[in-house]
Amino acid sequence: MSTQEIRFSGFGGQGIIRCALITGKALALYDDKFATMTQAFGPEARGSACAAQLVVSDERVLYPYITQPGVLVALSQEAYDKYYGELPKGGILIVEEDLVKLRGEHPDLRLMRVPATRFAEELGNRLFTNLVALGFFTAVTNVVTAEAMKKALPGLVPERFLKINVKAFDKGYEYGVQMISKNTRGDVS
Amino acid sequence: MKTKLSGVSEQANVRSSGRYAGTKTVTADPKGVDSGPHFMDGDHAIAEGALAAGCRFFAGYPITPSTEAAERFAERAPEVGALFIQMEDELASIAALIGAAWGGQKCMTVTCGPGFSLMTENLGLACMTETPMVIANVQRGGPSTGLPTLTAQQDMMQARYGPHGDNAIIALCPDSPQECFDLTVEAFNLSEFYRVPVIILTDETVGHMHEKVVIPPADQIQVVPRNNYSGPKEDCRPYKFDSQGGHPMVRAGDGYNFHITGLTHNEKGYPVMTADQNKIVVTHLMEKINGNADMIIRLDEDQIDGAEVVVVSYGITSRIAVKAIQDARKEGIKVGSLRMITIWPFCEKRIREISSKVKAIVVPEINYGQMVLEVERNAGGRCKVISVNHCGGAVHDPEVILDAIRKAIQ
């Protein structure tokens, strides 16, 4: 791996920035990578389309912003609409299955859909949506290890909800692993 | 490469210990040191650096993009035993620092351009009264309220020349959250030793970006402790005008009679408003910094020997510049890099040396061309000086810097 650029996006309140923080911490502290995280600080961080970016590399990251994301995680329609056009051919597009209505088949992209909100609600609260999405992201991309992600959680999720967040992560992760092994449309093409 | 997080971080504290001649450094108070690896932004790292350096007083007024530093300090203050006060505005904030410093505390505030403008009057008072303090200016686009959430490096000259009257300050430019920590510790050390306000001139990008920050164990962090006068009453002098650092403060409440004023004063601190006395005071204020510039200045240099072009940069722009430099080298251009970690005092001598050996110096910065003026002045026409300016709100496109390097060798 040389450099990978990842964008997490959704609407304010979904825990988008937390997604990037957890992944960045996991990579930088436990996966021995260089990771630089930047986030939207305008009004977009408080309600509408919200995004956080992560640049990951084996060497020191020089340019801190993403120029062309290789992975887009879109947990809302607006985020998907705004960002999917940036992905290059072969880029990974992860969308929230129930919240995002696709604008096409995206034959050039590796499209992955996950009902993250529904899974989170099954676990008791839609607040865990981001952790389900992160588990899924971890399984279907080779960016970060699941071990590192779990190690990164303490301090970034409230302690009393740590267990349930890990559960949410595992749920998303298992779903991702299953999807990859099935290799049907709706996952890696 | 892997261990070279910020270029200087591993060495910073080690080197610091030898730089304050005559002053004994001590290891940091473990209470303020949150040792270990973190994934944190530059603003938080500034607050951690301050606590590690022994800062126990923070007065400030929140303003984007510096607020996270204040939040971090406020959150940590109770467990460390520090005091955090949100003041009514920036004028009051820096005034509170002056009081806290003479009350015996290491102190700091954080702000950005609009707040820094308000602090300028009392920054001058702090310079005149030789009051140690650290001010972080997390720069955002200006002028005026400009671009609250977007990056810039437009306050470079303001930091140096903001207050009226002749005075000198020290300013440091971190290029990463790791350096935000390292340089904040160093800022406190310099501030204590030279009894001068030290400014962390960072920017929104570095302030808000998260990266790995390794905070060393307390016993590996050297700090310059507050030096309070403790001798006989009749010999008590809050000032010594000898163009050097290392002089003790006098702490209010310790029983000594002394006077602190913005008026021109003698070594006891009492007003002596004559041209002769002003010569003594101003010379001291300027020369304790300029005369010790070699001790204070830190630069990060790469392949300057044999270079045809040298890129002179600082802060976040230096990272973007390295990308352009790497690409230029792939094209066979001999290009070196000079990253100014210390921005004030300016590295005049080094620019003079370099200017006599290279075809051109390229100066990218996120402003309309500020530090390039210092480079031009010191290059003195010996080489071309090319400004790669940017009006703020984003970092450079590395391609633009690369183009300037290509043009420089033509």
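How many salt bridges does the rule find across the interface of chain A and chain B? The rule finds one. Bear in mind that this is a predicted model. The salt bridge pairs A:R60 with B:D175, and their closest N and O atoms are 3.2 Å apart.

Polar contacts come next. Between chain A and chain B, six residue pairs are in polar contact, counting pairs with both residues at pLDDT 80 or more. On the chain A side, helix 1 (16-30) and strand 2 (34-39) each supply at least two of the residues that touch chain B. By class, that side of chain A has 13 nonpolar, five polar and five charged residues.

Now the overall contact. Chain A contributes 23 residues and chain B contributes 28 residues. Together the two chains bury about 2,100 Å², with 64% of that area on carbon and sulfur atoms.

Second topic: helix 14 of chain B, residues 398-408. Which of its residues are buried? They are B:P398, B:I401, B:L402, B:A404, B:I405 and B:A408. Looking down the axis of helix 14 of chain B, these buried residues fall within an arc of 160°, so they line one face of the helix.

Definitions and conventions:
Residues are numbered from 1 along each chain as its sequence is written. Chains are lettered from A and ligands numbered from 1 in the order in which they are written. This is a predicted model: local features need pLDDT of at least 70, side-chain atom pairs count only at pLDDT 80 or more; totals for chains, interfaces and linings use all residues. Side-chain values use heavy atoms; hydrogens and water are left out. Buried means under 20% relative accessible area, exposed over 50%, partly exposed in between (1.4 Å probe, protein chains only). Helices (H or I, at least four residues) and strands (E, at least two) are DSSP runs, numbered from the N terminus. The arc is that of the directions from the helix axis to the C-beta atoms. Contact means heavy atoms within 4.5 Å. Buried area is the accessible area (1.4 Å probe) that two parts lose on being put together, summed over both. A salt bridge is a side-chain nitrogen of Lys or Arg within 4 Å of a carboxyl oxygen of Asp or Glu. A polar contact is a pair of N or O atoms within 3.5 Å; within protein, one must be able to donate a hydrogen and the other to accept it, and residues adjacent in sequence count only if both atoms are side-chain atoms. Ala, Val, Leu, Ile, Met, Phe, Trp, Tyr, Cys and Pro count as nonpolar, Asp, Glu, Lys and Arg as charged, and the others, Gly among them, as polar.
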